[in-house]
Amino acid sequence: MLKRKNDFDDRYGRFIHELKEEIISGRIKPGEFILPENTLSKEYDLSRVSIRKALALLVEEGLIEKIPGKGNRVTVPQDTQKQTINLGWFSNSYEIEIVERIIERFEQLNPYIKVNLQIYPESQYVYNLTESLKTQNSPDVFMVSDIHFRQLAESGQLGIIDPFLPGHIDPEKDSYEKVFDMFTHDNQVLVTPFVFSPVVVCYNKKMFREAGISESFRMDTWKDLLETAQDNTKEFNAENSLIAQYGFCFSSSSNRWPAFLLQNDGKFMTEDRSKSLMNSKENIEALNFCVDLMYKHQVSPIFSHGSNDLAENLFMRERAAMILTTYYFMNEFRDHKIKWDIVAPPQKSNQATLLLGGALGISANSPVKEAAQALVSYMVSTEAQTMIKQNGCTIPVLRFVAEDNYLLKPGVHPANYNAFKDIMPHAFTKKDLNVTVKEMALIESELHLLWANMEKAEDACKRIDDMLNQEAAIL
């Protein structure tokens with residue numbers, strides 16, 4: 001028959017648990033003495049005999065050593081005493097090198113914890129992640145983008161996450177509420193936001209200067225964007241219709257073109273998701289503007305593929321003067337020979353753009369949740385967030401770090417890095433678009449004919465509208 005726990009058992013167990021957690025988390029570092037036995041006796045309402053018995057257990061485990069006449073001191077850990085945390089990350093992340101530095105510093109501060117970085121292919125990341133969580137060597141902490149989070153939510157797999165948000169983070173005071181909205185489900189933030197990135201316009205300063213565009217130029221409207229793109233588009237061979245450089249470039253990825261739809265007050269679905277709004281005049285007008293940039297005005301290359309890399313590659317080759325991109329992808333341009341900067345996206349009816357983000361989740365099945373929480377808390381600490389800011393363009397989630405101009409570095413950050421501060425009040429997440437990941441994939445796939453100039457925007461929107469309404473009717 002199992003013995004029923006009494007109040008003494010609770011106090012005794014709590015003392016051992018809390019002391020071990022203080023040591024393993026690094027709050028009491030190797031070489032430091034723990035509180036005197038009489039102080040611990042009063043704090044936990046335990047006899048000194050019980051305190052000594054508990055401390056003897058920690059001596060046997062090698063966590064502390066008894067120094068005659070001085071007290072109990074935390075020992076330098078052996079590798080066999082360290083808890084191992086597996087940290088899952090996706091393969092094409094620009095932050096991997098910085099994360100490795102953060103891990104190194106975390107292990108210095110937390111000598112009883114070792115972090116093993118596990119890299120998973122970006123392709124089918126959610127599938128790879130959920131499958132790995134079924135194995136013995138599964139990640140305890142993992143990175144998820146806002147799209148990954150929505151995939152988990154829509155497939156009913158949010159149960160893999162143990163909800164955690166460090167106590168020192170206040171979304172309103174310390175960050176931006178919109179970033180936290182991306183990772184909120186049923187009014188609860190389930191993962192800890194880590195970085196974010198709005199969609200912006202990146203431009204080549206040399207190409208602008210050669211086109212005679214003033215350094216104090218403005219690009220507030222679609223008309224401004226078109227005129228600036230026309231000024232920067234150059235023919236290489238008029239006879240063969242070859243273009244030497246384009247004035248603008250954007251991909252047909254759903255991480256890019258919906259920014260134009262938002263700028264024209266377009267929507268995909270009604271608020272209650274009972275009816276598609278794909279066939280609205282706002283959406284048709286936005287898509288016509290995108291297609292006209294490629295086929296009518298010929299200021300943008302014809303890309304029917306949704307890869308973001310195509311635009312960034314042309315930009316770095318100085319074959320496109322402007323691109324629609326994110327702070328995340330601007331990491332491609334670090335220490336590059338091109339001279340570049342950014343401006344806020346233009347507007348039609350509204351000043352608007354897309355917002356993307358990444359967060360840290362803790363596995364619900366992790367056997368080392370306290371250590372996992374310590375890692376997540378450190379990764380959104382001032383020190384770790386400063387490392388993110390100093391070594392890359394992706395914006396750290398801590399507001400005062402993100403907005404600290406003293407952390408900006410030439411060769412890493414553009415001169416107008418702080419443009420995001422004016423953009424954030426007008427940023428919308430994919431969650432705000434009110435379509436599921438599956439529906440967005442359908443829209444993206446069905447627009448291929450439009451991008452290839454094989455269908456008019458009116459016909460594409462009507463056809464996709466019917467498909468979305470059929471989906472809504474089924475649900």
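Biologist: In which kind of crossing does H4 pass H15, left-handed or right-handed?

Modeller: This is a predicted model, and in the model H4 passes H15 in a right-handed crossing. The contact involves Ile98, Arg101, Ile102, Arg105 and Leu109 of H4, and on the H15 side Glu383, Ala384, Met387, Ile388 and Asn391.

Biologist: At what angle do helix H4 and helix H15 pack?

Modeller: Helix H4 (residues 96-109) and helix H15 (residues 382-391) pack at about 155°, and their axes are 10 Å apart. An angle over 145 degrees counts as roughly antiparallel, so H4 and H15 are roughly antiparallel to each other.

Biologist: What about H2 and H3, at roughly what angle do their axes cross?

Modeller: Helix H2 (residues 37-44) and helix H3 (residues 48-60) cross at roughly 110°, and their axes come within 9 Å. That makes H2 roughly perpendicular to H3. H2 makes the contact with Glu37, Asn38, Leu40 and Ser41, and H3 makes it with Arg48, Ile51, Arg52 and Leu55.

Biologist: Staying with helix H3, where does Leu57 lie, and is Leu57 buried, exposed or partly exposed?

Modeller: Leu57 is in helix H3. Its relative accessible area is 35%, so Leu57 is partly exposed.

Biologist: Which residues does Leu57 touch?

Modeller: Leaving out residues up to four places away in sequence, Leu57 touches Tyr12 and Ile16. As for Val200, it is 143 residues from Leu57 along the chain, and 57 Å separate their C-alpha atoms.

Biologist: Which domains does the assignment give for the protein chain?

Modeller: The domain assignment gives domain 1 (1-74), domain 2 (79-198 + 357-403) and domain 3 (199-354 + 422-473). The centres of domain 1 and domain 3, taken over C-alpha atoms, are separated by 61 Å.

Biologist: Now helix H5. Which of the residues of H5 are buried?

Modeller: In helix H5 (residues 125-132), the buried residues are Tyr125, Val126, Leu129, Thr130 and Ser132. They lie on the same side of H5, because they cover an arc of only 160° around the axis.

Biologist: What do the buried residues of H5 pack against?

Modeller: They pack against strand E3 (83-90), strand E4 (113-120), strand E5 (141-145) and helix H6 (146-154).

Biologist: On to His148: which helix is the place of His148, and what does His148 touch?

Modeller: His148 is in helix H6. Not counting residues up to four places away in sequence, His148 touches Phe90, Glu122, Tyr125 and Val126.

Biologist: Is His148 buried or exposed?

Modeller: His148 has a relative accessible area of 5%. Buried means under 20%, so His148 is buried.

How values were computed:
Residues are numbered from 1 along each chain as its sequence is written. This is a predicted model: local features need pLDDT of at least 70, side-chain atom pairs count only at pLDDT 80 or more; totals for chains, interfaces and linings use all residues. Side-chain values use heavy atoms; hydrogens and water are left out. Domain bounds come from an automatic or database domain assignment. Buried means under 20% relative accessible area, exposed over 50%, partly exposed in between (1.4 Å probe, protein chains only). Helices (H or I, at least four residues) and strands (E, at least two) are DSSP runs, numbered from the N terminus. The arc is that of the directions from the helix axis to the C-beta atoms. Contact means heavy atoms within 4.5 Å. Axes are lines fitted to C-alpha atoms, for helices over the stretch in contact, and angles run from 0 to 180 degrees between N-to-C directions. Angles under 35 degrees count as roughly parallel, over 145 as roughly antiparallel, 65 to 115 as roughly perpendicular and the rest as oblique. A crossing is left-handed if the near helix is turned anticlockwise from the far one by less than a right angle, and right-handed if clockwise.
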